[in-house]
Amino acid sequence: MTPYLRLTTGHRRRLILQTPISFYRHPDSGQRIVVVATHHYAEPAYYRGLLHDIDCYQQDGYVVHYENAQYQTPGDEPTQAEQAVLDDLNALRDLESVRMAPLGWVRQPSLLHHPTWQRKDLTDLDVIRQAGTDAMAHYLATRRALFDWPDQQVWRLSRVYAFFSLSTRLIVSSAAKNTVPRPHRDPRMRAVAQVLTDTRTALALDAAVTTTDDTVMIWGAAHLPGIHTELTAAGHHLDGDPQWRAVGYLPSIAASALRYLLRQPPAMHPRYHHATPAAPLGTAPAK
């Protein structure tokens with residue numbers, strides 16, 4: 001199976017984070033499925049490049065399915081407790097975006113969307129109800145603790161970037177070995193992970209394999225192992241080598257950790273894509 005993330009070495013031996021585009025074909029129906037694995041924060045040019053790729057597949061007759069739980073249906077009537085969790089979730093997204101902005105990285109939904117794409121996902125309220133309000137509130141509080149501090153303590157951002165780079169390298173190492181992550185010890189965290197990853201992946205796959213339309217699936221990279229397993233179980237075969245797209249440079253662990261210990265904010269982060277413009281729309285990606 002294709003690893004769902006990888007690191008390569010770029011200018012001045014900086015580490016470049018990459019995500020794959022994987023290709024599947026069903027030998028009987030002939031259905032083609034393109035799985036665009038994404039990173040939820042990245043340089044804007046990464047998303048513009050993916051938009052270009054997806055536009056080319058649409059011009060070739062593919063339908064596009066995408067994830068987006070940040071959606072509210074007209075009939076949604078959250079309880080007071082559910083609305084409080086929804087508010088906390090949106091506040092966390094805003095806070096994460098603020099913390100990632102000094103890297104020059106933006107959040108996926110701000111750029112990677114199109115009105116002709118079909119949303120195949122739960123809503124935030126669905127997730128809260130299936131995982132449980134208490135479990136989701138605990139999950140959000142745990143994540144917020146990583147990003148929340150007084151505005152004047154900007155040096156804490158250096159710790160976030162060191163932790164982000166270290167955890168990403170560990171994830172990439174596990175992905176390369178096809179290592180199955182250990183379930184979380186806390187049952188509340190396990191409940192949330194079950195819904196965020198397994199339940200939503202199953203929903204996406206059901207939408208893709210119950211049609212013979214050629215389909216592009218746009219999902220976060222962590223969903224790729226489950227997507228691959230279920231697509232192959234349904235008879236789809238990998239069809240050629242993956243294409244890799246650069247998210248951006250990872251911050252240096254050592255430099256970020258040192259600046260944190262010295263109570264200094266992060267250094268200026270280099271851009272990977274500053275001299276790598278996206279191809280014009282309508283230019284087919286190489287395959």
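Tutor: Strand S2 (residues 15-25) pairs with strand S3 (residues 32-38) in the antiparallel sense, over five bridges. Here strands (E, at least two residues) and helices (H or I, at least four) are DSSP runs numbered from the N terminus, and two strands pair if DSSP finds at least two bridges between them. This is a predicted model, in which local features need pLDDT of at least 70 and side-chain atom pairs count only at pLDDT 80 or more, while totals for chains, interfaces and linings use all residues. Residues are numbered from 1 along each chain as its sequence is written, and side-chain values use heavy atoms, with hydrogens and water left out.

S3 itself is mostly covered, with six of its seven residues buried; buried means under 20% relative accessible area, exposed over 50%, and partly exposed in between, with a 1.4 Å probe and protein chains only.

S3 also runs parallel to strand S8 (residues 215-220), to which six bridges join it. In that pairing, Ile 33 has Thr 215 of S8 as its bridge partner. S8 is in turn joined by four bridges to strand S5 (residues 63-66), again in parallel, and Val 64 stands opposite Val 216 in S8.

In soluble globular proteins, nonpolar side chains tend to be buried together. Leaving aside residues up to four places away in sequence, Val 216 touches Val 34, Val 36, Ile 54, Tyr 57, Tyr 62, Val 63, Val 64 and His 65, where contact means heavy atoms within 4.5 Å.

Two of these contacts of Val 216, Ile 54 and Tyr 57, are among the buried residues of helix H1, which also include Tyr 46, Leu 50 and Cys 56. H1 (residues 44-59) has 16 residues and reaches 23 Å from its first C-alpha to its last, close to the 22 Å expected at 1.5 Å a residue; the expected span is 1.5 Å times one less than the number of residues. Gly 61, which follows H1, has a positive phi near 100°.

Helix H3 (residues 124-131) contains Asp 124, which is buried at a relative accessible area of 8%. The side chains of Asp 124 and Arg 93 are joined by a polar contact of 2.8 Å, that is, a pair of N or O atoms within 3.5 Å; within protein, one must be able to donate a hydrogen and the other to accept it, and residues adjacent in sequence count only if both atoms are side-chain atoms. Not counting residues up to four places away in sequence, the contacts of Asp 124 include Ala 69, Tyr 71, Leu 86 and Asn 90.
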